[in-house]
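Hello,

Here is the structure for you to look over. My notes follow below it.

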Amino acid sequence: MKDNRLTVNLAGLKLANPTMLASGILGYSAETLESIVAGGAGAVVTKSVGLKPRVGYANPTVVQVDCGLINAMGLPNPGIDAFVKEICQAKKVLNVPLIVSVYGFSEEEYAVVSKKAADAGADALELNVSCPHVKETGSEIGQKPEILSKVIKKVKATVDKPVFVKLSPNVTSIADIAEAAAKAGANALTAINTIKAMAIDPETAMPILGNKLGGLSGSAIKPIAVRCVYDIYERVKVPIIGCGGIASWRDAVEFFLAGASAVQIGTAIAIESSSVFRRVTRGLDAYLRRKGFRNVGEIVGLSHRC
Amino acid sequence: MDYHIVANKLRTTQIQSIKAETQTVKTFTFKDKLCAKAKPGQFLMLWVPGVDEIPLSILDAREDGSVAVAVKKVGEATSALHNKKAGEIIGVRGPFGNDFTAKKGKVLMVAGGTGVFPLLFLSRKIKPKATKLVFIAGAKTKEELFFIDEIERLCGKENVVASTEDGSYGIKCLASESLELLLCKEKFDMIYTCGPELMMRKVLNLAEKYEIALEASLERLMRCAIGLCGSCVIGKYRVCRDGPVFNSQQLLEVKAEFGKFKRDFDGRKISF
């Protein structure tokens with residue numbers, strides 16, 4: 001019965017439990033994705049992949065602050081043609097849905113990369129329109145509803161797999177952007193990506209990250225992410241995947257109550273390990289049992305009744 | 001569990017002293033409470049402000065809070081570091097990763113090039129416990145045979161086998177060839193190795209052939225050092241979190257990659 005309580009149908013994808021690996025964390029290879037699944041994840045999202053290889057930024061690419069991590073990796077990835085092999089390999093060994101995160105510098109690039117990923121076996125695509133630190137992609141696309149709509153429509157016209165759109169919190173109204181994405185055909189929305197941030201070393205007066213600016217993740221952004229999910233749930237009907245500072249079952253429950261149908265975990269893997277997925281899942285299951293719910297879907301958006 | 005995060009905070013510290021070991025290697029000493037507790041095999045991330053942050057194996061960690069790293073000038077960050085003077089500021093994160101397990105009995109070190117740094121640290125710690133300590137130091141030339149005088153003092157000259165590829169010091173051969181010659185004659189309880197992965201792959205093969213336990217310290221491209229970014233993965237392992245020290249059993253699990261491929265800055269697999 002335990003399995004039934006946690007199962008989720010996410011835009012057509014069947015998940016044994018509603019926890020997923022967030023994009024950008026590990027996710028280069030089939031073997032590392034396998035180890036995340038062994039830790040209990042119900043689905044995995046790969047590192048963002050683009051048309052061409054990218055080496056990313058110089059170190060430091062990750063800096064720890066009191067309440068989380070700021071990263072500016074710079075989207076390092078081998079490019080879709082090399083990554084296709086990893087997707088094929090991952091499909092052979094994984095028993096959970098594989099979602100490929102895609103970025104591009106134009107709507108055509110998003111579409112080409114999505115097509116190649118889908119043809120290689122990706123169960124869904126997640127469009128990264130929210131990376132806060134790479135010029136001409138990421139949040140530069142996700143902040144403009146017209147361009148975002150074009151990108152989503154182009155990808156939707158090119159692939160027949162579910163398309164998730166990962167939204168940026170670095171906007172005036174995330175609900176407006178979410179509405180534009182849903183209208184353009186997004187099958188689910190992931191909220192949120194990291195928040196623009198920086199860290200400066202007092203001794204040397206130097207910005208610490210190689211790229212100076214980065215994206216903040218971890219417990220600091222959880223309340224912001226919960227608010228974003230809550231706002232989006234009020235405006236759109238497509239499923240929402242909550243992401244931002246989830247490290248315990250309580251964090252996850254908060255996201256479900258705000259309106260998320262699934263959650264993604266990233267930074268907590270550094271604090272703990274991939275076993276964080278199993279711990280969150282078990283706690284969630286115990287919570288649902290204690291409260292008398294038959295399925296996690298029953299608590300999605302529950303706080304909106306109040 | 002919190003350990004990784006505690007050690008991960010960037011601290012700035014002054015360089016206390018700099019010693020030129022050879023034309024290409026300098027030893028930098030600085031104070032850092034956390035890294036001063038490091039065990040042989042662990043590494044730290046050293047930030048050269050405004051330039052880069054690089055992983056370095058720890059050469060020494062003392063109770064007075066001082067830490068030493070030996071750095072070979074190979075690229076932009078190491079050159080910038082070589083140009084620094086005592087009193088200048090650097091950043092430090094760590095220590096990260098696991099350490100060598102200190103085995104008693106007859107112990108053999110096999111070092112190649114800069115791989116000597118963590119093994120010298122280990123040798124100092126292990127010497128009082130080991131019944132015998134033999135050190136094979138390999139390098140291209142005499143100039144690249146780092147800390148050889150100290151190793152000879154520590155282990156005794158008769159227990160040091162120096163191999164250079166050009167024959168400018170010791171025997172003219174590869175470290176792995178010196179190893180095979182030694183293993184034909186003598187049995188050891190443990191082999192510790194660090195150096196180029198191709199060399200370590202040969203050392204692993206010999207350790208298997210002669211049925212000797214082995215631990216190897218791996219070097220991969222590292223960015224986050226806390227197991228998130230995936231830059232350093234080898235098979236199912238992350239070198240920064242699951243290593244950098246791996247035993248034979250683990251290395252055999254990743255034998256399709258060990259000594260064959262590593263990942264470049266864009267995550268692509270490239271041959272050694």
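**Helix pair and chain contact**

In α2(A), A:Ala30, A:Leu33 and A:Glu34 meet A:Glu86, A:Gln89, A:Ala90 and A:Val93 of α3(A) (contact means heavy atoms within 4.5 Å; helices are DSSP runs of H or I, at least four residues, and strands runs of E, at least two, numbered from the N terminus). By class, this contact has four nonpolar, one polar and two charged residues (Ala, Val, Leu, Ile, Met, Phe, Trp, Tyr, Cys and Pro count as nonpolar, Asp, Glu, Lys and Arg as charged, and the others, Gly among them, as polar).

This is a predicted model: local features need pLDDT of at least 70, side-chain atom pairs need 80 or more, and totals for chains, interfaces and linings use all residues. Residues are numbered from 1 along each chain as written, chains are lettered from A and ligands numbered from 1 in written order, and side-chain values use heavy atoms, without hydrogens and water.

Now the two chains. Chain A gives 39 residues to the contact and chain B gives 36. About 3000 Å² is buried between them, 60% of it from carbon and sulfur atoms (buried area is the accessible area, 1.4 Å probe, that two parts lose on being put together, summed over both). A:Tyr28, A:Asn59 and A:Gln64 supply 22% of the area that chain A buries against chain B, more than any other three residues.

Two salt bridges link chain A and chain B (a side-chain nitrogen of Lys or Arg within 4 Å of a carboxyl oxygen of Asp or Glu). A:Glu86 forms a salt bridge with B:Arg263, with the closest N and O atoms 3.6 Å apart.

Best wishes
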